[in-house]
Amino acid sequence: MSKTDNTVLKDMVITMLLYGIIAQIVCLIIPGDHLRMTAGLWIGVAAGVFMVIHMKNSLDEAVLYGEQEAQRYMQKSYAIRYLVVVVVFIAVSWLRIVNVLTLFAGIMSLKLAAYLQPIMHKLFAKFKKSK
């Protein structure tokens with residue numbers, strides 16, 4: 001099971017980084033403060049990568065507990081991830097160092113990677129076979 005989990009994690013992180021590169025190109029096309037947009041995007045992608053790694057580690061840990069303990073542990077893990085996102089949004093909004101919309105777009109890379117993971121896994125497997 002661990003090998004599958006690591007493969008899924010690797011697929012998702014690669015998808016998130018590819019999304020970041022594509023979104024970076026879009027940010028460069030849109031007129032505005034490119035430095036703030038880029039910084040927001042990559043801080044969001046980094047937060048998304050942190051969350052997907054934290055989710056994988058939380059799931060690996062939760063399977064070792066009983067049903068009630070696992071449920072409480074997963075709720076606590078979810079609260080930690082949610083708190084990290086809230087703190088990041090509050091910090092960048094207060095400091096005004098990055099574009100909040102691109103920060104949101106970067107964090108949404110996690111959702112995109114989750115939805116596209118089966119498709120990207122097949123694509124990466126084909127790419128690996130062709131080498």
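**Figure 1. H54 and its partners in the predicted model.** H54 touches S77, I80 and R81, not counting residues up to four places away in sequence. This is a predicted model. H54 lies in helix α2. Is H54 buried or exposed? H54 counts as buried because its relative accessibility is 17%, and the cut-off for buried is under 20%. H54 also belongs to the contact that α2 makes with α3.

**Figure 2. Helices α2 and α3, side by side.** Helix α2 covers residues 34-62, and helix α3 covers residues 67-95. Their axes come within 10 Å. They cross at roughly 170°. The two helices are therefore roughly antiparallel, since angles over 145 degrees count that way. Which residues of α2 and α3 make the contact? From α2 come I43, F50, M51, H54, M55, S58, L59, E61 and A62. From α3 come A70, Y73, M74, S77, I80, R81, V84, V85 and V88. Sorted by class, the contact holds 13 nonpolar, three polar and two charged residues.

**Figure 3. M51, a buried residue of helix α2.** M51 sits in helix α2. Its relative accessibility is 7%, so M51 counts as buried. Which residues does M51 contact, leaving aside neighbours within four places in sequence? They are R81, V85, I107 and L110. Now look at M51 and S77. In sequence, 26 residues separate the pair. In space, their C-alpha atoms are 9.9 Å apart.

**Figure 4. I107 and its contacts.** Set aside the neighbours of I107 within four places in sequence. I107 is then in contact with G44, V45, A47, M51, V85 and F89. One of these, M51, lies in helix α2. Another, V85, is among the α3 residues that contact α2. I107 is also one of the residues with the most contacts inside the largest nonpolar core.

**Figure 5. The largest nonpolar core.** How many residues does the largest nonpolar core have? The count is 19. Those with the most contacts inside the core are M16, V52, I107 and L110. The helices α1 (2-29), α2, α3, α4 (100-107) and α5 (109-130) each supply at least two residues. Which helix gives the largest share? That is α2, with six residues. In soluble globular proteins, nonpolar side chains tend to be buried together.

**Figure 6. R96, an exposed loop residue.** R96 is found in the loop between α3 and α4. Its relative accessible area is 67%, so R96 is exposed. The cut-off for exposed is over 50%. Look at the backbone too. R96 has a positive phi of about 55°, although R96 is not a glycine.

**Figure 7. The whole chain, for orientation.** The chain has five helices and zero strands. From the N terminus on, its elements run α-α-α-α-α. The C-alpha atoms fill a box of roughly 50 × 45 × 15 Å, taken along the principal axes. Of the 131 residues, 32% count as buried. The chain exposes about 8800 Å². Carbon and sulfur atoms supply 72% of that area. Take the contacts between residues at least 6 apart in sequence. Of these, 69% join residues at least 24 apart.

Conventions: Residues numbered from 1 in each chain as written. Predicted model: local features only at pLDDT ≥ 70, side-chain atom pairs only at ≥ 80, totals over all residues. Heavy atoms only, no water. Axes fitted to C-alpha atoms, helices over the stretch in contact; angles between N-to-C directions. Helix = DSSP H or I, 4+ residues; strand = E, 2+ residues; numbered from the N terminus. Parallel < 35°, antiparallel > 145°, perpendicular 65-115°, else oblique. Contact = heavy atoms within 4.5 Å. Nonpolar A, V, L, I, M, F, W, Y, C, P; charged D, E, K, R; others polar. Core = buried A, V, L, I, M, F, W, Y, C linked by side-chain atoms within 4.5 Å. Buried < 20%, exposed > 50% of the residue type's maximum accessible area, 1.4 Å probe, protein only. Areas by Shrake-Rupley, 256 points an atom, 1.4 Å probe, with all protein chains shown as cover.
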